[in-house]
Amino acid sequence: MCARRSPPAWLPLLLQAVLLCPALVPAGGESRRPNVVLILTDDQDVSLGGMTPLRKTKALIADLGVTFTNAYVGSALCCPSRASILSGRYPHNHHVVNNTIEGNCSSKAWQKSQEPYTFPALLHSSGYQTFFAGKYLNQYGSEDAGGISHVPPGWSYWFALEKNSKYYNYTLSENGRARNYGQNYSVDYLTDVLANVSLDFLNYKSNNEPFFMMIATPAPHSPWTAAPQYESSFKDVTAPRNSNFNVHGKDKHWLIRQAKTPMSNTSIQFLDNAFRKRWQTLLSVDDLVEKLLKQLQARGELDNTFIFFTSDNGYHTVSPVLNQLSVRGEDNHGLPVTADHKTMESGSSPCQSIKGNSMSLTLKSLYLFGDRG
């Protein structure tokens with residue numbers, strides 16, 4: 001079994017590994033560098049069944065590739081975790097400590113000291129076409145962060161959400177120009193918009209260069225707005241009644257002890273409803289994954305593309321009082337990570353997939369993408 005590692009530190013390293021590892025070069029004597037697609041959800045847990053609604057994703061990625069069973073974040077907050085994913089550094093080194101400008105989230109200091117050295121910027125400098133669509137950092141687009149016109153270095157195509165996750169009535173920076181969206185499902189629902197611009201990129205990109213895509217969905221983050229066709233899904237689903245559900249943590253951290261127990265019926269109904277709505281929003285992500293992989297298959301590019309599916313952090317539904325990410329624990333820090341490529345044996349462990357030539361590979365990866373102190 002793999003040792004427990006934190007995805008913010010090893011995700012850029014892993015992406016670099018698949019690009020350098022000779023064993024993963026496509027068969028048949030081809031020398032093409034592989035493409036990489038990273039699908040990033042927002043606040044998706046694994047320990048409370050967060051992958052359950054994603055049947056297509058499981059069949060198309062997890063069942064055909066590998067699943068990282070011990071995947072954890074260094075900080076269970078959106079912006080610090082996303083900064084780690086992009087930079088390969090832990091929060092104490094990239095200095096993004098919370099979701100505010102004052103906490104260095106998408107601040108001018110971040111833009112100057114970290115953004116030029118993110119792994120997508122380095123991929124771009126090595127000849128990759130780079131595409132981003134979705135939620136970037138929580139304060140992206142704010143006036144103090146340079147506004148919508150700011151496009152981080154290294155991105156060939158940029159479709160970034162202004163600030164935090166929404167499903168309707170939002171603004172995207174489309175290559176530095178603001179475009180406002182409304183509340184018409186057929187043209188405005190953000191998860192579907194991200195799917196459509198991603199398919200457009202695949203259709204119109206250059207076929208002479210490899211590509212990297214990062215698609216960051218709003219789901220399953222609040223306000224948990226499902227697509228109309230999924231609003232009635234999971235009617236009988238409730239938040240898991242684990243052994244710690246509705247139990248006072250009198251011997252736990254002081255924040256845990258603030259929870260009022262036993263919870264009122266209203267609080268329990270709120271938790272069940274939130275849990276159900278989170279799953280409903282993920283059904284549109286499942287559709288996105290299916291569309292994307294079908295398009296790659298139709299274009300003959302799927303076999304030369306690594307697909308990674310993960311989240312920025314986990315989530316928990318123990319109590320409305322504690323319905324926040326900064327609480328320490330397995331639910332918040334653990335997250336789903338699956339990957340697929342034709343060179344990955346179905347059902348294999350990630351250790352087996354990348355341990356060959358691990359010493360020299362790790363040294364190269366740490367130098368280029370690792371935690372640089």
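Predicted model: local features only at pLDDT ≥ 70, side-chain atom pairs only at ≥ 80, totals over all residues.
Residues 24 or more positions apart account for 76% of the contacts in the chain with a separation of 6 or more.

**Helix α3 and the disulfide**

- Helix α3 is mostly covered, with ten of its ten residues buried; among them are P80, R82, I85 and L86.
- The count of disulfides comes to one, and it is formed by C79 and C105, whose sulfur atoms lie 2.1 Å apart.
- The link between C79 and C105 is right-handed, with 95° about the S-S bond, and it connects distant parts of the chain, since C79 belongs to helix α3 (residues 78–87) whereas C105 sits in the loop between α4 (91–94) and α5 (108–113), 26 residues apart.
- Both C79 and C105 are buried, whereas the cysteine C78 takes part in no disulfide, the nearest cysteine sulfur being that of C79 at 8.2 Å.
- With a relative accessible area of 2%, C78 counts as buried, because that value falls under the 20% limit.

- Strand β7 is largely enclosed by the rest of the structure, because six of its six residues are buried.
- In a regular strand the side chains alternate between the two faces of the sheet.
- Both faces of β7 are covered, with F211, M213 and I215 buried on one side and F212, M214 and A216 buried on the other.
- Strand β1 pairs with β7 in the parallel sense over five bridges, and the bridge partner of V37 in β7 is M213.
- Strand β3 also runs parallel to β7, the two being paired over six bridges; here Q129 has F211 as its bridge partner in β7, and A133 stands opposite I215.
- Five bridges join β3 to β4, again in the parallel sense, and A133 stands opposite F159 in β4.
- Strand β3 is mostly covered, with seven of its seven residues buried.

**Nonpolar cores**

- In soluble globular proteins, nonpolar side chains tend to be buried together.
- The largest nonpolar core holds 40 residues, of which V37, F131, M213, L292 and F309 touch the most other members.
- The elements that give two or more residues to this core are the strands β1 (35–41), β3 (129–135), β4 (157–161), β7 (211–216) and β8 (305–311), together with the helices α8 (190–204) and α9 (265–298).
- Apart from this core lies another, of 31 residues, which includes A83, L123, L137 and M214.
- Leaving aside residues up to four places away in sequence, F309 touches I39, T41, Q44, M51, L54, T57, I61, V285, V289, P336, V337 and T338.

**Packing of α8 against α9**

- Helices α8 and α9 pack at an angle of about 10°, and their axes are 9 Å apart.
- This angle makes α8 roughly parallel to α9, because angles under 35 degrees are counted in that class.
- From α8 the contact is made by T191, D192, L194, A195, S198, L199, L202 and N203, and from α9 by S284, V285, L288, K291, L292, Q295 and L296.

**Backbone exceptions in the loops**

- Most residues other than glycine have a negative phi, and most peptide bonds are trans.
- The peptide bond from A219 to P220 is cis, with omega near 0°, and P220 has its place in the loop between β7 and α9.
- A cis peptide bond also joins S222 and P223, where omega is about 15°, and P223 too is found in the loop between β7 and α9.
- W224 lies in the loop between β7 and α9 and has a positive phi, near 55°, although W224 is a residue other than glycine.
- W224 is buried, with a relative accessible area of 13%.
- N104, in the loop between α4 and α5, likewise has a positive phi, near 80°, in a residue other than glycine.
- N104 is buried as well, with a relative accessible area of 12%.

Notes: Residues numbered from 1 in each chain as written. Heavy atoms only, no water. Core = buried A, V, L, I, M, F, W, Y, C linked by side-chain atoms within 4.5 Å. Buried < 20%, exposed > 50% of the residue type's maximum accessible area, 1.4 Å probe, protein only. Helix = DSSP H or I, 4+ residues; strand = E, 2+ residues; numbered from the N terminus. Contact = heavy atoms within 4.5 Å. Disulfide = S-S within 2.5 Å. Pairing = 2+ DSSP bridges. Axes fitted to C-alpha atoms, helices over the stretch in contact; angles between N-to-C directions. Parallel < 35°, antiparallel > 145°, perpendicular 65-115°, else oblique.
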